[in-house]
Amino acid sequence: MTKIKFELSKKQLDGAIKGVQGIAHPVRLMILYALSKEELSVNDLADFTGVGQSVTSQHLSKMKDNGILDSRKESNRVFYYVKDTKYRELVKSIIKLFSV
């Protein structure tokens, strides 16, 4: 048997798993899709996903904890955006692969 070398370090593998787990839900994938286009508020994202603000906030919090998203405050509104461009590329790939 040929010895196969894994291309990711333990740290990189842990980051990949954390990121994939962070989007492994239909609402979170929809949120990532919307935020890959532009930064949006919780209200905008709740309207887009069709779930309530509190549910949307819970998903945003999980994605933020997993290092996928970040936010900025403007007046009394919080806007979310994709923190790392690799997640924009990931959602594009998922859409491309599964939209056939």
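The model is predicted, so local features are given where pLDDT is at least 70, side-chain atom pairs count only at pLDDT 80 or more, and totals for chains, interfaces and linings use all residues. Residue numbers start from 1 along each chain as its sequence is written, and side-chain values use heavy atoms, with hydrogens and water left out.

**Helix H4**

Let's start with H4, which covers residues 53-65. Helices (H or I, at least four residues) and strands (E, at least two) are DSSP runs, numbered from the N terminus. H4 has 13 residues and reaches 18 Å from its first C-alpha to its last, close to the 18 Å expected at 1.5 Å a residue; that expected span is 1.5 Å times one less than the number of residues.

Thr 56, His 59, Leu 60 and Met 63 are the buried residues to look at in H4. Here, buried means under 20% relative accessible area, exposed means over 50%, and partly exposed is in between (1.4 Å probe, protein chains only). These four sit on the same side of H4, because they cover an arc of only 100° around the axis; the arc is taken from the directions from the helix axis to the C-beta atoms.

What do the buried residues of H4 pack against? Their partners are helices H1 (10-23), H2 (26-37) and H3 (42-49), plus strands S2 (69-74) and S3 (77-82), with contact meaning heavy atoms within 4.5 Å. After H4 comes Gly 67, with a positive phi near 80°.

**Strands**

Two strands pair if DSSP finds at least two bridges between them. The pairings look like this:

| Strands | Bridges and sense | Residues standing opposite |
|---|---|---|
| S1 (residues 40-41) and S3 | two bridges, antiparallel | Ser 41 and Phe 79 |
| S2 and S3 | six bridges, antiparallel | Glu 74 and Arg 77 |

S2 and S3 also make a hairpin with two residues between them, and Ser 75 in the turn has a positive phi of about 60°.

**The aromatic pair**

There is one aromatic pair in the structure. Tyr 33 and Phe 48 are stacked, at 6.5 Å centre to centre with 15° between the planes. Rings of Phe, Tyr and Trp (its six-membered ring) pair if their centres lie within 6.5 Å; planes under 30 degrees apart count as stacked, over 60 as edge-to-face and the rest as tilted. The pair links distant parts of the chain, with Tyr 33 in H2 and Phe 48 in H3, 15 residues apart. Tyr 33 counts as partly exposed because its relative accessibility is 33%, and Phe 48 counts as partly exposed at 38%.
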